[in-house]
Amino acid sequence: MHMSSAVLETIRSTPSPFPARRLREMALAAGADDVGFVALDDPALTGEREIILEAFPFARTLVSFVMRMNRDNVRSPARSAANVEFHRVGDETDAVAHRLARALENIGARAAYPAMAFPMEASRWPSRMWIVAHKPVAVAAGLGRIGIHRNVIHPKFGNFILLGTVVADVSLDSYARPLEFNPCLECKLCVAACPTGAIAPDGAFQFDACYTHNYREFMGGFSDWVESIADAGSARDYRRKVSDAETVSMWQSLAYGPNYKAAYCMAVCPAGEDVISAYRDDRKKFLEEIVDPLRRKEETIYVTQGSDAEDYVARRFPAKRVKRVGNGLRVNSIAGFARGLSLRFQRKRAGRLSAVYHFVFTGAERRDLTVAIDNGRLSVEDGLVGNADLRIRADSEVWLRFLRKEASLLWSLMRLQIRLRGDPRLLAAFGRCFG
Ligand code: B12
Ligand code: SF4
């Protein structure tokens, strides 16, 4: 879309704010289904701002937009139907962002966009690889609120949307405010449908449960598959670990874009003006037609050994079977160890354990850390806080090797590279709490 030369002249000659209404028209003309604007200095972007500026130093305004997905594709137990829609709308999200950035460029503004999902900054793995976290931006732009399942729910389209962001150097004459109400009904259908138990009724999210299964054919799951090939002594040995259907599925993901294994939380969500009537009119029918087929679906759920997800599938989904796999989330720094604790914490496995751990890391990466586990709750703090039930003093490199199962604990204890003060059984109890 090209601007008239009069408009072009206006934006070049006046540093005055650009009309939000005009930018909205441009975004809709580029194909967005809804759009909202956030100033880069909005307090909601604390923690995000630096990451955005590193990639796009000219950023002043974030244009957040949503793209609708076809609901019945996402709901189908045939996940190929859901995945073609994720890919189709995902590509369209990037195309809309491209068109809007181009339109802004045409009127003399600077604009760029990060991908809807991939490609990301893979060299940063296993830390955060994405540049813009589209969800908090969309919430700040008034496009929706986060539901119990942690997806953004748009007041009209529900959660059947993908999100995009265009970063621009213009300032606007008005910005959005977050929605005052949350469209989430707290019906907990997402909790019931998730095959891994990743969504707790109180809204807590067990990242590694979702990630290990749903992302089996993405980053870490893919690394694990490669390692199973490297470890296999023969084709027959490989086939014992990986079924033919799994090999074909991996080929399909590599050839046509990675396929999500579930996203059932999104499939069953009845929130949003356009979506809710089917649920309100006949809840029983909604459950029978949309939730039950996903719950009854016979399929393999990928779990890590000893995880809450492993127990959950066995208890809740008799038609599903688990397969133990690695999820490729290797810890390669003490900072990563500290950050990863909350992502890997297995609330149920922690049970009634109540203990405070002091970690004193020495050597290459010095850091003091207090980890408290109390009746299924975890807190991680820098420094040594309160009294420890177990104090672990360890050389940072040795500790990382121990976590990766490359160094033996006994050997490290004998060589005084790891020292414990307190009941050593608490270390085993600690290990059980993390997947
Ligand atoms: C990382 C990520 C994931 C992670 C973590 C999900 C999460 N709750 O954040 C995993 C792999 C589990 C995931 C799964 C899914 N995702 Co996703 N995902 C993203 C991504 C790249 C960033 C999310 C984010 O901003 N998180 C930060 C804050 C806001 O979320 P949080 O819950 O407070 O924090 C979590 C993450 O930070 C994560 N985390 C922290 N450190 C690290 C490090 C690494 C390496 C990783 C991988 C994760 C991670 O763990 C935290 C706790 O859960 C965005 C794309 C983007 N660039 O924004 C898409 C995005 C959020 N995903 C999306 C979708 C659709 C899904 C799935 C439905 C996938 C699918 N198609 O099957 C599921 C839904 C799972 C769920 N119920 O949340 C959409 C959501 C659309 C919407 N309506 O809200 C997004 C916005 C993509 C898009 N452009 O539309 N996703
Ligand atoms: S399924 Fe129900 S509880 Fe879950 S996010 Fe949607 S409306 Fe909220």
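## Helix pair α2 and α5

The crossing of α2 and α5 is right-handed (the near helix is turned clockwise from the far one by less than a right angle). The model is predicted: local features need pLDDT of at least 70, side-chain atom pairs count only at pLDDT 80 or more, and totals for chains, interfaces and linings use all residues. Residues are numbered from 1 along each chain as its sequence is written, and side-chain values use heavy atoms, without hydrogens and water.

Helix α2 covers residues 20-29 and helix α5 residues 79-106; helices are DSSP runs of H or I with at least four residues, numbered from the N terminus. They pack at about 135°, with axes 8 Å apart. Axes are lines fitted to C-alpha atoms over the stretch in contact, and angles run from 0 to 180 degrees between N-to-C directions.

## Contact residues

From α2, Leu23, Met26 and Ala27 meet Leu100, Ala103 and Leu104 of α5 (contact: heavy atoms within 4.5 Å). The contact holds six nonpolar residues, no polar and no charged.

## Cavities

There are two cavities of 30 Å³ or more. A cavity is a set of points on a 1 Å grid where a 1.4 Å probe fits but cannot get out; lining residues have an atom within 4 Å of a point.

The largest cavity holds about 90 Å³ of space. Its lining has 15 residues, with Cys184, Cys187, Cys190, Cys269 and Pro270 nearest the centre. Helices α7 (189-193) and α12 (264-268) each give two or more residues to that lining.

Methods
Chains lettered and ligands numbered in written order. Nonpolar A, V, L, I, M, F, W, Y, C, P; charged D, E, K, R; others polar. 1 Å grid on protein atoms, 1.4 Å probe; cavity = no way out; pocket = protein on both sides within 12 Å on 5 of 7 lines; lining within 4 Å. Points joined across faces, edges and corners; volume = space filled by probe spheres on them.
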